[in-house]
Amino acid sequence: MTAAFFNPGPRDSLTDVAGLLVGHHHELDDDATMGSGSATGATVVRALGGATAAVDVRGGGPGTRETDLLDPSHSVQHVNAILLTAGSAYGLAAADGVMRWLEEHGQGIPMGSPDHVVPIVPAAVIFDLPVGEWTSRPTAEFGYLAAAAAATEFATGSVGAGVGARAGVLKGGVGTASTVIEGGPADGVTVAALMVANPVGAVFDPRTGLLWGTGTLGPAAFGMRKPDVNEVWTALALEPKGTALNTTIGVVATDATLSSASCKRIAVAGHDGLARAIRPAHSPLDGDTIFAVSTGTRAVTPESSVPAAFSAELPVLSAVTEAAAIVVERAIVRALLDATSVAGIPTYRQIFPSAFAASRT
């Protein structure tokens, strides 16, 4: 059934979901090394007019803000933006800047007076402090500038929250992917993901050198092939990180009109894609967190045949959750393929060049 979900939207991006914008802000010194220079940043997903949201935290060491608010049983059901940031717990300060930008633009929960709003900005962090100088971390200004930069077109790879990201022994980063579902009750619905890959686990199969995340659709779908065995041995000889504190975070989104409870299921399904692309996933040393949002910009017709004991959203939700796992998996692959080396951390393309060669001599 996966072939039905390899139908990318026009940008193959989170912003293929109408109503979402993405912005980055980062500082990166050309001479950044491990422990020296600036290499940190933040990424903001803005939801125009707000979006229904939920979250699922699976890692043992999360760094988050406003995640309790997103429990489907709680009062607030919408978010105005989501912050994905570097800097460990220090980086949560960037959310203050996102709130300031939203307040200045009148976006948030109205509180009586026209200029009185409370923006809702959940956030999650990755641990990247050893890349660059320890004190190089996002501030409120990072969040403000990332929110201001949000647009439909945005960069991937070693940008924003992914500047200092590592993926096991390789360079991590920001990746995105989308799909438009074909057929069934969710026909025409868009599902997309944006992920910041910074795991303690491995992202490639030590037997073949292929990225774990290519497993569902196959390496050919990414223009790849099995790399040369000598490159695999080179990769296996790379020194591991100096620290075991990491985390992969992201956002899964759909334009289908779904409830907060359904968004929770989408976030849960997104972690399936994370676990396919990273092994091990959800370790005690990661803070793996996935937000899910529904912009409600595409109406879906409830199935009249659904038994009364079940939600009328169930047939659409079933298709969206299957697609969610696949776009998360693809987004992580893109983060790794689009990454550029920072602070001497090698990229997948640098270590496995033959995986992209049309032929070998």
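I take buried to mean under 20% relative accessible area, and partly exposed to mean between that and 50%. The model I am looking at is predicted.

**Entry 1. Arg-276 and Glu-329**

I looked up Glu-329 and found a relative accessible area of 2%, so Glu-329 is buried. Its side chain meets that of Arg-276 in a salt bridge, at 3.6 Å from N to O. The two ends sit in distant parts of the chain, Arg-276 in helix 4 and Glu-329 in helix 5, 53 residues apart. Arg-276 has 30% relative accessibility, so I noted Arg-276 as partly exposed.

**Entry 2. Other salt bridges**

I got a count of 11 salt bridges. I checked Arg-58 and Asp-56, whose closest N and O atoms are 2.6 Å apart in a salt bridge.

I then went to Arg-65, which forms a salt bridge with Asp-96, with 3.0 Å between the closest N and O atoms. This pair also links distant parts of the chain: Arg-65 is in strand 3 and Asp-96 in helix 1, 31 residues apart. Arg-65 is partly exposed, with a relative accessible area of 22%. Asp-96 is partly exposed too, at 40%.

I also noted a network of salt bridges that links Arg-11, Asp-16 and Glu-153.

**Entry 3. Helix 1**

I went through helix 1, residues 94-104, for buried positions and listed Ala-94, Ala-95, Gly-97, Val-98, Trp-101 and Leu-102. Why do they fall on the same side of helix 1? They cover an arc of only 160° around the axis, and this places them on one side. In general, an α-helix has 3.6 residues a turn, so residues three or four places apart point the same way.

I looked next at what covers these buried residues. The cover includes strand 2 (39-57), strand 3 (64-65), strand 4 (78-85), strand 7 (123-125) and helix 2 (140-149). Just after helix 1, I found Gly-106 with a positive phi of about 70°.

**Entry 4. Strands 5 and 6**

I followed strand 5 (residues 109-111) into strand 6 (residues 113-118). The two run antiparallel and are joined by three bridges. They form a hairpin with one residue between them. Gly-112, in the turn, has a positive phi of about 95°. I noted that Met-111 stands opposite Ser-113 of strand 6.

**Entry 5. Nonpolar cores**

I found 50 residues in the largest nonpolar core, where Val-191, Phe-204, Leu-211, Ile-332 and Tyr-348 have the most contacts inside it. Which elements give two or more residues to this core? I listed strand 11 (190-197), helix 3 (229-236), strand 12 (249-256), helix 4 (260-277), strand 13 (289-298), helix 5 (314-338) and helix 6 (348-351). Helix 5 gives the most, with 14 residues.

I then checked what Tyr-348 touches, leaving out residues up to four places away in sequence. Its contacts include Leu-170, Phe-204, Leu-210, Leu-211, Met-224, Leu-336, Leu-337 and Phe-356. Gly-209, Pro-227 and Ala-355 are also among them.

I noted a second, separate core of 31 residues, including Leu-14, Leu-20, Leu-84 and Val-159. In soluble globular proteins, nonpolar side chains tend to be buried together.

Notes
Residues are numbered from 1 along each chain as its sequence is written. This is a predicted model: local features need pLDDT of at least 70, side-chain atom pairs count only at pLDDT 80 or more; totals for chains, interfaces and linings use all residues. Side-chain values use heavy atoms; hydrogens and water are left out. A nonpolar core is a set of buried Ala, Val, Leu, Ile, Met, Phe, Trp, Tyr and Cys residues joined through side-chain atoms within 4.5 Å. Buried means under 20% relative accessible area, exposed over 50%, partly exposed in between (1.4 Å probe, protein chains only). Helices (H or I, at least four residues) and strands (E, at least two) are DSSP runs, numbered from the N terminus. Contact means heavy atoms within 4.5 Å. The arc is that of the directions from the helix axis to the C-beta atoms. A salt bridge is a side-chain nitrogen of Lys or Arg within 4 Å of a carboxyl oxygen of Asp or Glu. Two strands pair if DSSP finds at least two bridges between them.
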